[in-house]
Amino acid sequence: MKTPTASPLYYIGLMSGTSLDGIDAALIAIETDSPPRLLATHAEPMPDELHRLLLKLCHADQVSFAQLAAAEHAFCQCQAQAVQHLLAPLSVGVEQISAIGSHGQTIEHAPVGYDGGPAYTLQLDNPSLLAEFTGCTVVADFRRRDLAAGGQAAPLAPAFHQALFGRADAHQLVLNLGGFANLTWLSSQPSDPVIGFDTGPANVLLDGWFALHLGGRFDQDGDWAASGKVDEALLARLLSEPFFQQPPPRSTGRELFHLDWLQKHLSGQEAAADVQATLAELTAVSVAQGIEQLRIDSGPLTLITAGGGAHNGYLMQRLAYHLPRATLTSPSAYGWPEDWIEAGAFAWLAHQRLHHLPGNLPSVTGAQGPRVLGGIYAA
């Protein structure tokens, strides 16, 4: 089904990933028979107090309603500021925005549940408040419909990758390096299903370990990791985690990979910089293993690398080392710089919802079928 659009429709996507470094806002245009176009972007920094509160809430054993309400309100204020700052220098007004697609902030993701309990995924958000703050229609709560249909509710970006990068003349492989890493395989054959899954941690452990020892938000260009040496024994212990051997569909989050998980694998004798180098190696090796699981025919590969991790020079070197037949390329060639594909995906998902079109891919999430994702909160 094609959307009848005589002129461009404008959408804003808001994405705050598991790295918790800020809110990405992307303005996109959608027209008939054309890939979505990125028009403008803005990165709204996460205030330190909100950053600390959200980290505390992630996989917390006990949380008060007051803490949740405070975090949700502050988060929505930050989202509204992102929208305001995105549109301020443009000639596009809020009245021209068809909808905002708000991902929210993932607090916990348990697609198989715990101890026999039901599966769940929790994104902290208040789309009603966001609609009030911005004057725009908001589409939110994208993940739970896929979960209700038996899917993993993640990753959702591969459907957007298909709309953006799918080609009839070549296969495409897309890697997103956010808090976690996920792969998307796009075959040139229309009859082949899209395959996508999480390969494991990316920035989440690198950022956490860096903050613990050096106090900053992230390891600029991977310089600290590059100063250390990979601890092969530690790497083997980390890779023994059963998640890395699971077949797709699979997704993960902070509920599995966090600093306490890392500490359990440490002997206590490791140098901090060596652990950082080993965490980068863990990401590179697990991505390479994920590509092996795809059983792609031998020959050269083009790997489109996106997300904040694509700016980590050391990590990209390690990926190139473990993927000798792959050419790592930027999505900028398609008009989409590395940092904006995730935010763009949720703008696109808002468009899908307003036009009653599916937003998930059952071949990726394992859902029982295509589903229209998200709830609409009118302006």
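In which helix is R318 found? R318 lies in helix α11, which runs over residues 313-322. The structure is a predicted model, and the points below should be read with that in mind.

1. Surroundings of R318. Leaving aside residues up to four places away in sequence, R318 touches E281 and A284. Its relative accessible area is 19%, and because the cut-off for buried is under 20%, R318 counts as buried.

2. The bridge between R318 and E281. These two residues form a salt bridge, with the closest N and O atoms 2.7 Å apart. The pair links distant parts of the chain, since R318 sits in helix α11 and E281 in helix α10, 37 residues apart. E281 is buried as well, with a relative accessible area of 4%.

3. Salt bridges overall. How many salt bridges does a search of the whole structure find? The search gives six, and the R318 and E281 pair is one of the salt bridges. Two others are taken up in the next points.

4. The bridge between R237 and E270. The side chains of R237 and E270 meet in a salt bridge, at 3.3 Å from N to O. This pair also links distant parts of the chain: R237 belongs to helix α8 (residues 232-239), while E270 is in the loop between α9 (259-264) and α10 (272-293), and the two are 33 residues apart. R237 is partly exposed, at 31% relative accessible area, whereas E270 counts as buried, at 16%.

5. The bridge between R37 and E31. R37 forms a salt bridge with E31, and the closest N and O atoms are 2.9 Å apart. R37 counts as partly exposed, with 38% relative accessibility. E31 also counts as partly exposed, with 30%.

6. Packing of α5 on α12. How do the axes of α5 and α12 cross? Helix α5 (residues 157-165) and helix α12 (residues 341-354) have axes that come within 9 Å and cross at roughly 95°. The angle makes α5 roughly perpendicular to α12. On the α5 side the contact involves A157, A159, F160, H161, A163 and F165, and on the α12 side I341, E342, G344, A345 and W348. By class, this contact has eight nonpolar, two polar and one charged residues.

7. Geometry and burial of α12. At 1.5 Å a residue, the 14 residues of α12 should span 20 Å, and the end C-alpha atoms are 20 Å apart, so the two values agree. The expected span rests on one less than the number of residues. Helix α12 is mostly covered, with 13 of its 14 residues buried. After α12 comes H356, which has a positive phi, near 55°.

8. Helix α3. Which residues of α3 are buried? In this helix (residues 127-134), P127, L129, L130, A131 and T134 are buried. The cover over the buried residues of α3 includes the strands β1 (9-16), β4 (97-110), β6 (138-140) and β12 (375-377), together with helix α2 (65-87). Helix α3 is followed by G135, where phi is positive, near 75°.

Note on methods:
Residues numbered from 1 in each chain as written. Predicted model: local features only at pLDDT ≥ 70, side-chain atom pairs only at ≥ 80, totals over all residues. Heavy atoms only, no water. Axes fitted to C-alpha atoms, helices over the stretch in contact; angles between N-to-C directions. Helix = DSSP H or I, 4+ residues; strand = E, 2+ residues; numbered from the N terminus. Parallel < 35°, antiparallel > 145°, perpendicular 65-115°, else oblique. Contact = heavy atoms within 4.5 Å. Nonpolar A, V, L, I, M, F, W, Y, C, P; charged D, E, K, R; others polar. Buried < 20%, exposed > 50% of the residue type's maximum accessible area, 1.4 Å probe, protein only. Salt bridge = Lys/Arg side-chain N within 4 Å of Asp/Glu carboxyl O.
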